[in-house]
Amino acid sequence: MKRVHNFSAGPSMLPLEVLEKAQAELPNYKDSGMSVMELSHRSGLFTDIITEAEKLLRELMNIPDNYKVLFVQGGASQQFAAVPLNLKKNGKADYVNTGSWSKKAMKEAKKFIEVNEIASSEDENFTYIPEVSTSTIDPEADYVHITTNNTIEGTAFCEIPNTGNVPLVADMSSNILSEEIDVSKFSVIYAGAQKNIGPAGLTVVIIRDDLIGNASEQCPTMLDYQTHSESGSLYNTPPTFGVYIAKLVFEWLKELGGLKEMQARNEKKAGLLYDYLAQSDFYRSPVKEDSRSLMNIPFVIPDHDLDAAFIKAAQAEGLETLKGHRSVGGMRASIYNAMPVQGVEDLITFMQKFEKEHQ
Ligand SMILES: Cc1ncc(COP(=O)(O)O)c(C=O)c1O
């Protein structure tokens with residue numbers, strides 16, 4: 001069997017152990033004579049899966065009891081609308097603009113509320129995380145929205161801003177479960193699954209329970225957090241297979257030692273690549289040192305005409321999907337939880353070789 005090192009930003013690689021477990025269980029899940037895909041979402045077997053998935057996620061992230069965990073659909077992009085529709089009180093919110101995904105979140109929210117951009121790094125092409133000072137936050141804002149990890153630009157918040165009494169909402173799509181976080185600092189966390197959780201189609205929402213039940217009248221039933229909270233994420237048919245794979249990923253994470261161990265691994269992997277980039281005269285990281293992501297690492301080479309040659313030669317060595325996002329160019333290595341250290345070491349070995357050949 002040939003497996004490559006897949007550096008895709010999303011959907012991204014999943015742990016091989018998880019794929020193998022799913023494969024072994026696929027045609028006949030727990031002697032039901034069916035696969036998980038064929039199980040009723042109201043069956044006892046699926047109830048066990050979704051209950052266990054939630055339990056494991058709570059354990060891994062140390063989610064306090066006054067938070068609900070919702071398994072929904074529509075991707076993180078749907079949350080761009082769900083958040084303002086559910087949290088609207090005074091009809092205005094503060095957003096930190098750190099890149100393409102923040103911009104999309106702001107654009108969508110503007111359809112429902114007044115959006116105030118309280119900090120931005122657009123002046124330098126989103127290569128850093130701007131400071132968010134408490135004094136710039138409107139105490140009357142319904143919430144402050146941040147994108148904790150900017151998948152395209154390769155930046156991440158090293159410190160979570162203190163928003164006082166104003167609820168903090170985070171799009172954590174590309175760094176959820178990558179390191180230990182204090183959930184109680186956030187009021188809402190949402191993430192599309194297709195990076196660190198499982199397959200595309202599942203979205204996780206973690207929300208403080210006092211914020212549920214206040215959706216504005218125009219909020220569609222399927223976007224109302226109360227709908228999913230009341231029904232245990234079973235109001236309609238949830239993405240059952242996605243929830244099942246997420247459960248396997250959570251088991252895998254727990255067995256490895258949880259988020260503490262995962263953070264150590266992620267710091268090691270990212271450290272190897274950043275250290276290599278720092279000493280190289282050929283490659284360059286466009287991101288400011290204090291704003292670097294552990295998950296998505298963009299890098300450029302002096303001659304852009306060489307980008308295509310780099311991608312092609314990397315592919316020949318089993319190093320896939322290293323092309324940077326079309327809005328940024330260059331290369332990007334996404335090294336989510338499932339990427340082994342070996343994957344990063346192999347990438348660096350290849351980069352050294354390419355550098356020698358093209359310097
Ligand atoms: C930070 C961030 N937010 C939002 C999205 C959009 O997610 P989805 O495709 O699940 O709507 C992505 C997708 O890559 C992302 O990286």
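**Ground rules**

I number residues from 1 along each chain as its sequence is written, and my side-chain values use heavy atoms, with hydrogens and water left out. Because the model is predicted, local features need pLDDT of at least 70 and side-chain atom pairs count only at pLDDT 80 or more, while totals for chains, interfaces and linings use all residues.

**Entry 1: the ligand**

I started with the ligand and its shell. I found 13 residues around the ligand, the closest being Ser77, Thr151, Asp171, Gln194 and Lys195 (a residue is near a molecule if one of its heavy atoms lies within 4 Å of it). Helix 3 (residues 75-87) gives the most to this shell, with 4 residues; helices (H or I, at least four residues) and strands (E, at least two) are DSSP runs, numbered from the N terminus.

Next I looked up what faces the ligand's oxygen atoms. A polar side-chain atom of lysine 195 lies 2.7 Å from a ligand oxygen, and one of glutamine 194 lies 2.9 Å from a ligand oxygen. Alanine 76 uses its backbone instead: an N or O atom there is 3.0 Å from an oxygen of the ligand. The protein buries 85% of the 400 Å² that the ligand exposes when taken alone (areas come from the Shrake-Rupley method with a 1.4 Å probe; for residues, only the protein chains shown count as cover).

Which pocket does the ligand take up? The space taken by the ligand is the largest pocket. A pocket here is an open set of points on a 1 Å grid over the protein atoms alone, where a 1.4 Å probe fits, with protein on both sides within 12 Å along at least five of seven lines. A molecule sits in a pocket if more than half of its atoms lie within 2 Å of its grid points.

**Entry 2: salt bridges**

How many salt bridges does the structure hold? I noted 12, each being a side-chain nitrogen of Lys or Arg within 4 Å of a carboxyl oxygen of Asp or Glu. I wrote up three of them.

Lysine 92 pairs with aspartate 138, and their closest N and O atoms are 2.8 Å apart. Lysine 92 is in strand 3 (residues 92-97) and aspartate 138 in the loop between strand 4 (114-120) and strand 5 (144-147), so the pair ties together parts that are 46 residues apart in sequence. Aspartate 138 counts as buried at 18% relative accessibility, whereas lysine 92 is partly exposed at 21% (buried means under 20% relative accessible area, exposed over 50%, partly exposed in between, with a 1.4 Å probe and protein chains only).

Glutamate 52 and lysine 55 form a local pair: both lie in helix 2 (residues 44-61), 3 residues apart, about one turn of the helix. Their closest N and O atoms are 3.8 Å apart. Both ends are partly exposed, glutamate 52 at 26% and lysine 55 at 46%.

Glutamate 108 bridges to lysine 111, with 3.3 Å between the closest N and O atoms. I have glutamate 108 as partly exposed at 22% and lysine 111 as exposed at 60%.

**Entry 3: buried residues**

Threonine 98 sits in the loop between strand 3 and helix 4 (100-109). Is threonine 98 buried or exposed? Threonine 98 is buried, at 0% relative accessibility. Its side chain makes a polar contact of 3.0 Å with that of serine 102 (a pair of N or O atoms within 3.5 Å; within protein, one must be able to donate a hydrogen and the other to accept it, and residues adjacent in sequence count only if both atoms are side-chain atoms).

Alanine 170, in strand 8 (residues 168-171), is also buried at 0%. Its C-alpha is 4.9 Å from that of isoleucine 189, 19 residues away along the chain.

I looked up a cis peptide bond between glycine 10 and proline 11, with omega about -10 degrees. Proline 11 lies in the loop between strand 1 (5-6) and helix 1 (16-25).

Two residues other than glycine went down for positive phi. Lysine 30 has phi near 45 degrees; it is in the loop between helix 1 and helix 2 and is exposed at 55%. Asparagine 125 has phi near 55 degrees; it is in the loop between strand 4 and strand 5 and is exposed at 62%.

Note on methods
1 Å grid on protein atoms, 1.4 Å probe; cavity = no way out; pocket = protein on both sides within 12 Å on 5 of 7 lines; lining within 4 Å.
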